[in-house]
Structure formats: C-alpha cells, structure tokens
Amino acid sequence: MAREAPHTDVTEDELATGEPKTFAAGIPGVAATLRHSMAQMGVARTARTLRVINQRDGFDCPGCAWPEGRGEHRKAVEFCENGAKAVAEEATLRRVGREFFASHSVAELAERTDYWLGQQGRLTEPMVLRGTHYEPIGWDAAFALIAEHLRALSTPDEAVFYTSGRTSNEAAFLYQLLVRSYGTNNLPDCSNMCHESSGAALAQTTGIGKGSVTLADLEQADLIVVVGQNPGTNHPRMLSALEAAKGNGAKIVAVNPLPEAGLLRFKNPQNVRGVVGRGTPLADQFLQIRLAGDQALFQAVGNLLLRWEDARPGTVVDRAFVERSTVDFDRYAEHVRALDWEAVFAATGLTHGEIEKFARTVADSKRMIVCWAMGLTQHRHAVATIREIANVVLVRGMIGKPGAGLCPVRGHSNVQGDRTMGIWEKMPEAFLSALESEFGVPVPRKHGYDTVEAIRAMRDGKAKVFMAVGGNFAAATPDTEVTEAALRQCELTVQVSTKLNRSHVVPGRTALILPTLGRTERDKQASGEQFVTVEDSMSVVHRSRGRLDPASPHLRSEVAIICGLAQALFGPDHPVPWARFVEDYDRVRDHIANVVPGCADYNTRVRTPDGFVLPHAPRDAREFRGTESGKALFTANELTVLEVPPGRLLLQTLRSHDQYNTTIYGMDDRYRGVKDGRRVVFVNPDDLAALSIDDGALVDLVSEYADRERRAERFRVVAYPTARGCAATYFPEANNLVPLDSTAEVSNTPTSKSLVVRLEPRP
Ligand SMILES: Nc1nc2c(c(=O)[nH]1)N[C@H]1C(S)=C(S)[C@@H](COP(=O)(O)OP(=O)(O)OC[C@H]3O[C@@H](n4cnc5c(=O)[nH]c(N)nc54)[C@H](O)[C@@H]3O)O[C@H]1N2
Ligand SMILES: Nc1nc2c(c(=O)[nH]1)N[C@H]1C(S)=C(S)[C@@H](COP(=O)(O)OP(=O)(O)OC[C@H]3O[C@@H](n4cnc5c(=O)[nH]c(N)nc54)[C@H](O)[C@@H]3O)O[C@H]1N2
Ligand SMILES: [Mo]
C-alpha cells in the first residue's frame with residue numbers, strides 16, 4: 001500500500017504554473033547560480049570556489065560528465081548554473097554534527113522530506129545507529145565493526161557493495177580491489193540504472209561500450225541528433241557546444257516527447273548576445289515522439305535510407321565502409337525493408353512526412369553525430385533502440401571519422417571512469433586476471449549482483465550486508481517500498497556519504513554513516529596534498545584537486561576509508577599494501593597503469609595539462625576489435641510496440657531543473673514553468689479532455705503492472721504540451737511506481753521512463 005510519501009513537500013497547494021519556457025539560460029540562469037551559491041556558501045567562498053571549477057589546477061565539477069574544452073578551447077568559466085548548484089550543495093557552510101543526531105531519532109528523520117534532509121548540511125563525523133539514534137563512533141571502531149560483520153557471513157556473496165558515479169578513479173580502483181579480494185563481484189552501481197543499456201548495445205555492435213566522439217567532433221558535425229536528452233537542465237555546457245556547431249552550419253534535430261527549452265533556443269550566458277538578445281534557435285527539427293517510440297523511428301529511417309539507396313544506388317549507403325568494416329548488413333536490410341509502417345505510426349505518434357524529413361536530413365549529412373541519454377536507456381527495449389541507432393550510423397558510415405559518431409551523454413561526473421576502473425558486477429576475464437597477477441590475490445569469476453538483483457537478494461535474505469560508496473540507494477532505485485524493506489532487513493548497512501539522505505534513515509539492524517571529503521576539498525595525506533583522477537563522457541582522463549578546507553577535521557577521503565576498512569578486514573599481512581596507498585595516491589596510480597587497459601604511464605600522462613584520452617578503436621582507427629567478428633555488427637531488432645490500454649497513459653519519471661538526481665535543490669522547474677512544487681504530473685491537454693480531468697486537479701498516480709498496482713498519492717495535474725498519450729513526473733518522488741521486475745531486456749535497467757498508469761482524481 002501507498003505510504004503518504006515522506007518524499008513529499010506538500011507544497012502543491014502553493015504550486016504555480018506558467019507557460020513553459022522556449023529558451024534556456026541567459027540572465028535568469030546567472031542570477032539563479034549566484035542566489036543559490038551565496039545562500040549556501042557566502043560571498044567570499046562563492047567567488048573562490050566558482051573560479052576553480054573545471055580549471056586545470058582546480059576540481060572537476062561534481063555535476064555532469066560533459067567534458068571541458070582542451071587546449072585553447074578551455075574557457076575561463078567552465079561551469080553552468082546547475083554545476084554551480086552542485087558545488088554549492090557540497091561546499092555549503094551548514095553542518096550535521098553529533099548534536100543534530102542526538103536531537104533527531106532515525107524514526108523522526110524518516111518522516112522528513114529528501115529536500116529537508118539534504119538541506120541540513122555536511123556530515124561531520126562517523127556515526128553508528130544504536131537503538132533509536134545515531135551516535136558518534138571512532139573510525140577504527142567503525143572499520144572493525146564492518147570487518148566483523150563481513151567475516152561472519154557464510155559467503156562473501158552475502159555482501160553487496162554499491163557505488164555512485166562521483167567516486168574518483170583511485171577510490172573506485174581500490175574499492176573493487178577490496179571487494180574482489182574479499183571474494184565477491186557484487187559491485188552494483190548507479191550505471192545499472194543509467195547508461196547500462198548504452199554500454200550493452202555499443203559493446204555488442206561496435207566492440208566498446210563507450211561513446212566515439214570528442215568535443216572537436218561536435219564542432220565539425222553538420223548534423224547533431226539529440227534524442228531522449230534534456231541538456232538545458234542536465235548538461236548545460238553541452239548547449240555551448242551545440243551553439244558552436246550551429247555557428248559552423250550544423251543542423252540540430254531534437255527527438256523528445258517534451259519541447260525542452262534548451263533544445264529549442266539557447267541564450268548563452270557567456271556571451272553578450274546570450275545575455276541581452278533572443279539567443280540562438282537550436283533545433284532545426286523537433287520530432288515530438290511518443291515515449292519508447294525511438295526504436296520504431298530509427299527503423300523507419302533505416303527503411304527510407306535503403307529505399308533511397310535502391311532508387312539511386314551508391315548515394316545513401318556507405319558501401320565501402322559497410323563491406324570493409326561491418327557484418328550482417330544483409331540481415332538488417334531484409335529486416336527493415338519489411339517494416340510495418342502502421343506500427344511505426346502507432347509507436348512514434350509521428351507522421352510519414354515528419355519521419356521522411358528527418359531521414360532526408362540524415363541522408364544528406366556528411367558528418368552526423370547522435371547524442372542520447374536517459375530518454376532512451378530506461379525503457380524495456382532500450383538496448384534494441386540503441387542498436388537501431390547504431391544501425392543507421394553504420395549504414396551511413398558515420399563512425400571513426402571527424403565530426404561523426406555515437407555519443408551517449410553520461411550522467412555522473414565520473415560514472416564512466418568508475419567502470420573503466422572495474423566497478424562492474426561482470427568485468428571481463430582479461431581485467432580480472434590482470435588484477436589477480438598484479439596483486440597476487442585470488443579474484444572470483446562468478447558474476448555479481450547488479451542493482452536490481454542486489455535488491456532482490458536483500459529482500460530474500462540472500463544478502464545481509466550493504467555498503468555504498470556514495471549515492472542514495474534507497475531513493476534512486478525502483479519500487480521504493482520493496483527497496484526500503486530490503487535495506488531494513490540487512491544486518492548491516494554502511495553509507496559513505498557527504499550529506500544526509502534517505503538511505504541513512506532506512507537503516508539495517510546496525511548502520512554506519514561514514515562522512516567523506518567531497519571533490520571541492522583539500523585532501524592531505526602523509527606525502528602531502530593529493531589529487532585524484534576522473535574520466536569524462538568522452539574518455540578524457542584528467543586530474544581533480546579540491547581547494548577548500550574540509551567540512552570537518554574528522555572527514556576522511558574515500559581512498560582512506562577504503563584502505564582503512566581493508567586493513568581491518570585483511571590484517572597486516574595482506575599482499576596488497578593498503579597503508580602505503582593512503583600515504584601517496586601515486587602508488588595507486590602505478591597499479592592502475594599496470595592493470596587497466598589504456599592506462600600505461602598513468603602518473604605521467606594525467607599530469608599533462610589536459611590529461612589524456614583513453615584509446616577507442618572505432619574512433620581512433622575505424623576498427624571494431626571488441627566484437628565477436630572483429631567488425632561492427634548490424635542487428636535485426638524485432639519491433640515491439642508498447643500496448644497502452646484505453647484510459648491509461650505512458651508515464652516517464654525525469655529531472656526538474658532544480659535537482660541533482662535524488663538531491664533536491666529547490667521546488668522550481670523554471671524552464672517548464674513550474675514554481676513551488678514537485679508533486680506534479682504533466683499531461684497533454686487533449687488527453688486531459690479525453691479523460692475528463694481538469695488542469696490543476698489533484699490525482700493519485702496508479703501504475704499497473706502484471707504483479708500488482710502501485711500508487712503515488714496527491715499529484716497536481718499540469719496541462720502541458722507533451723506527446724499524446726504520454727505523461728511526465730519527477731524522479732525520485734514517483735520511484736515507488738517503478739516495479740522492481742520491470743526492466744530493460746539485456747541491461748536489466750529499471751524502466752523508469754515507461755510506466756503504464758491511470759490517473760485517479762482524489763475526492
Ligand atoms: N542538473 C542536473 N544535471 C544532471 C543530473 C541532474 O539530476 N541534475 N543528473 C545526471 C545524470 S546521473 C544523468 S544520467 C543525466 C540525465 O540527463 P537526461 O537524460 O537529460 O535526464 P532526464 O531528466 O531523465 O531527461 C530525459 C529526457 O529524455 C526525454 N525522454 C523520455 N523518454 C523518452 C523517449 O522515450 N524518447 C525520447 N526521444 N525522449 C524521451 C525526456 O522528455 C527528457 O527530456 O544528467 C546528469 N546531469
Ligand atoms: N525513477 C527514476 N529513477 C532513477 C532515474 C530516473 O531517471 N528515474 N535515474 C537513474 C540514474 S540515471 C542514476 S545515475 C541514479 C542515481 O543514483 P545515485 O548515484 O545513487 O544517487 P544520487 O542522488 O546521485 O546520490 C546522491 C548522494 O551522493 C552522496 N555524495 C555526493 N557527493 C559525494 C562524494 O563525493 N562522495 C560520496 N561518497 N558521496 C557523495 C550524497 O550523500 C548524496 O546524498 O538514479 C537512477 N534512478
Ligand atoms: Mo545517471
């Protein structure tokens with residue numbers, strides 16, 4: 001049954017809605033940045049902090065994974081409104097100390113909203129849950145307690161070790177080494193809920209699960225297709241790249257159920273025209289697609305491309321590339337030639353004319369890039385959809401040459417780096433054996449649990465210890481009630497965190513909070529001040545060094561926490577020199593150089609001003625060594641149209657302009673015209689008319705899934721120009737509507753962007 005969600009700020013009564021904005025950033029963006037930063041950090045700290053974001057000698061913005069410019073392309077201001085909010089959130093002057101925990105029981109904190117929890121400030125010392133309250137505990141005692149629990153398990157597979165994508169490469173490498181030395185591959189991470197579908201599709205078709213383009217490519221492209229992504233909010237610096245591409249004559253096509261402000265028009269706050277003028281119109285074509293219709297769209301594009309090729313052979317298909325570098329073209333061609341256009345219209349909600357115009361732009365392009373994010377990855381057929389995009393790119397030979405390629409735009413600032421460093425429940429054999437021989441410790445081969453499997457294992461009593469380095473597992477995962485019950489059932493939960501969040505108030509029988517340094521903070525160890533390294537969405541690895549004094553003298557770095565735990569768990573005679581790693585992170589990097597492919601000479605290369613770019617065979621050499629055949633793979637993907645019963649809508653859960661995942665910065669969603677409320681559901685006015693529901697009505701959202709119904713209460717309806725039959729609401733408030741078992745094929749990513757729901761008006 002539905003709980004009156006404590007996620008709620010019951011502010012929907014004050015909710016104000018207005019026209020959605022048709023442009024992004026400009027003056028309101030700058031004003032919002034400064035207001036938010038100064039409220040959290042004060043004036044001097046704001047000035048000092050914002051100056052070093054994403055600069056060579058500064059820290060990597062903890063916002064998104066969009067790359068910085070290299071060489072002379074690096075700007076004096078390499079951050080955006082939302083990056084500044086992420087920084088302010090971490091560099092806040094507010095603190096959560098022992099007095100705070102003494103005066104609030106866990107039960108009481110569990111009634112608070114996520115927003116309230118996050119607003120209390122930075123965690124300052126290790127805490128352990130005893131009875132009703134968290135109490136201070138020393139670091140050594142905390143490590144001993146975890147080690148004791150881990151040693152008591154009947155198998156290491158009864159423990160789960162989660163990671164969120166802010167963890168540095170050094171910490172990630174040591175964490176997976178700790179977990180594998182202990183004896184399990186249970187390393188679920190936020191990526192399981194994020195770009196897992198992209199990784200799976202790209203690895204199968206191109207041989208490497210990462211994007212193939214660089215920032216320079218974007219500037220050279222003549223066509224950039226942005227599918228299922230809202231860069232104006234989630235990757236604002238990408239808008240500058242789109243604007244530059246546009247200036248060079250590129251066309252931009254946006255594919256989205258929502259007319260997202262940043263995609264339609266952009267006011268760059270970093271130039272005069274952006275501040276005073278009307279800004280740059282970005283999208284040349286906006287395809288307002290139905291949720292989960294993209295596989296059909298790209299099959300239809302493939303169908304038209306082949307038809308035009310048949311009419312004028314040699315003009316559309318890049319024959320030389322297809323013959324030399326790919327396999328299974330004929331199977332693909334046969335499949336899309338037999339396309340059922342009625343299914344395409346039903347799935348996309350688009351007309352033949354709209355699709356044809358788009359396909360024509362694709363056929364005319366000489367340098368095409370396709371970018372995408374969560375709008376593609378969080379659907380049942382996500383992997384097939386991304387494979388379909390790869391098909392179109394391969395037909396046109398749009399990979400491994402300047403200005404062209406596949407560009408999954410990553411979320412968390414180091415989520416890609418964490419994977420490179422081994423955070424994955426199914427790392428390949430080559431990595432595991434390299435790790436084993438580097439350190440002389442046996443490493444298990446059996447695949448571990450991903451996020452969804454980890455929840456099931458905890459629910460079923462098969463996993464009993466849960467540890468998280470970062471993130472907010474309780475709020476970010478699907479099926480909130482199931483997940484929270486699963487966490488509460490654990491014997492021990494351990495959260496390594498910077499700030500208080502929902503996961504701390506849904507504790508296991510014993511629970512620890514271990515506070516850690518953030519990106520912005522100075523990290524001093526025995527050999528002096530340390531830096532860490534990260535990898536952005538375009539495979540650039542570089543340094544990040546914090547400059548602020550730590551939020552509290554008791555904080556430890558993630559590296560120090562992991563090494564401290566390892567020493568308690570393995571004792572002094574372990575073959576891995578854990579204590580030495582903490583003293584000097586160069587020693588960690590020397591091992592990364594030996595184990596991680598592409599990282600030879602790591603310590604030298606990360607010290608070059610812009611860092612270095614990891615190898616990527618398709619991008620660098622038009623080679624596809626990683627696939628089974630050694631060539632790029634065309635795939636034939638069965639087209640399945642999601643059936644939505646009459647009277648029901650397809651609901652997506654997405655981000656407002658005022659949040660970072662489960663961290664809520666504020667109650668507004670400026671570009672969508674929403675003020676003072678998050679419990680809203682956006683619905684097309686024609687659907688509202690058909691359902692006889694008024695704009696502004698209060699409804700429950702009821703998701704219908706095979707096993708049972710799930711209900712989220714009290715959402716305010718907002719009539720909004722989304723695609724027909726589709727609705728949208730915010731993550732994480734609606735996560736209890738996402739069934740644990742409803743996941744994408746192959747990637748097992750929760751389908752948080754296509755939920756069949758009905759709206760039930762409240763009396
Ligand atoms: N400020 C800020 N920045 C962030 C984050 C944040 O929360 N706040 N989160 C970070 C993380 S971890 C990630 S993964 C990224 C997320 O970046 P996005 O993927 O941009 O995030 P969402 O808000 O989930 O938006 C999904 C977009 O896809 C569209 N969409 C949904 N379903 C479909 C579909 O079926 N087809 C198509 N074509 N479009 C669809 C939605 O309308 C929306 O525009 O951002 C990162 N950056
Ligand atoms: N319904 C729905 N669910 C979703 C999504 C969706 O679109 N819809 N998106 C999914 C996606 S794309 C993602 S990536 C996941 C995100 O899942 P997570 O990564 O688990 O969640 P976050 O909200 O990013 O984590 C925020 C917490 O991280 C901690 N933190 C911040 N900085 C640091 C640091 O430097 N070190 C440490 N140790 N901790 C730190 C803080 O305590 C903060 O409360 O959610 C997924 N869930
Ligand atoms: Mo993400």
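A residue counts as near a molecule if one of its heavy atoms lies within 4 Å of it. On that basis, 32 residues surround ligand 1, the closest being Asn 256, Glu 260, Ala 292, Asp 294 and Asn 661. This is a predicted model: local features need pLDDT of at least 70, side-chain atom pairs count only at pLDDT 80 or more, and totals for chains, interfaces and linings use all residues. Side-chain values use heavy atoms, with hydrogens and water left out, residues are numbered from 1 along each chain as its sequence is written, and chains are lettered from A and ligands numbered from 1 in the order in which they are written.

**Polar contacts of the two ligands**

A polar contact here is a pair of N or O atoms within 3.5 Å.

| Ligand atom | Protein atom | Distance |
|---|---|---|
| ligand 1, nitrogen | Asn 82, polar side-chain atom | 3.3 Å |
| ligand 1, nitrogen | Val 255, polar backbone atom | 3.0 Å |
| ligand 1, oxygen | Gly 375, backbone N or O | 3.2 Å |
| ligand 2, nitrogen | Gly 470, backbone N or O | 3.4 Å |
| ligand 2, oxygen | Gly 471, polar backbone atom | 3.1 Å |
| ligand 2, oxygen | Lys 499, backbone N or O | 2.9 Å |

**Cover and shell**

Accessible areas come from the Shrake-Rupley method with a 1.4 Å probe. Ligand 2 taken alone exposes 930 Å², and the protein buries 96% of that. Ligand 1 has 920 Å² of accessible area on its own, of which the protein covers 99%.

The shell around ligand 1 holds 13 nonpolar, 15 polar and four charged residues. Nonpolar means Ala, Val, Leu, Ile, Met, Phe, Trp, Tyr, Cys and Pro; charged means Asp, Glu, Lys and Arg; the others, Gly among them, are polar. Of the 29 residues around ligand 2, the nearest are Tyr 162, Ser 164, Ala 476, Glu 558 and Thr 662.

Domain bounds come from an automatic or database domain assignment. Ligand 1 lies between domain 2 (196-409 + 629-633) and domain 3 (649-761), because both give residues to its shell. The shell around ligand 2 takes at least three residues from each of domain 1 (95-191 + 414-510 + 558-609) and domain 3 (649-761).

**Phe 634**

Is Phe 634 buried or exposed? Phe 634 is buried, at a relative accessible area of 1%; the buried class ends under 20%, and exposed means over 50%. Phe 634 and Tyr 332 are 302 residues apart in sequence, yet 6.0 Å apart C-alpha to C-alpha. Beyond its neighbours within four places in sequence, Phe 634 contacts (heavy atoms within 4.5 Å) residues including Val 322, Phe 329, Tyr 332 and Leu 394.

How values were computed: A polar contact is a pair of N or O atoms within 3.5 Å; within protein, one must be able to donate a hydrogen and the other to accept it, and residues adjacent in sequence count only if both atoms are side-chain atoms. Buried means under 20% relative accessible area, exposed over 50%, partly exposed in between (1.4 Å probe, protein chains only).
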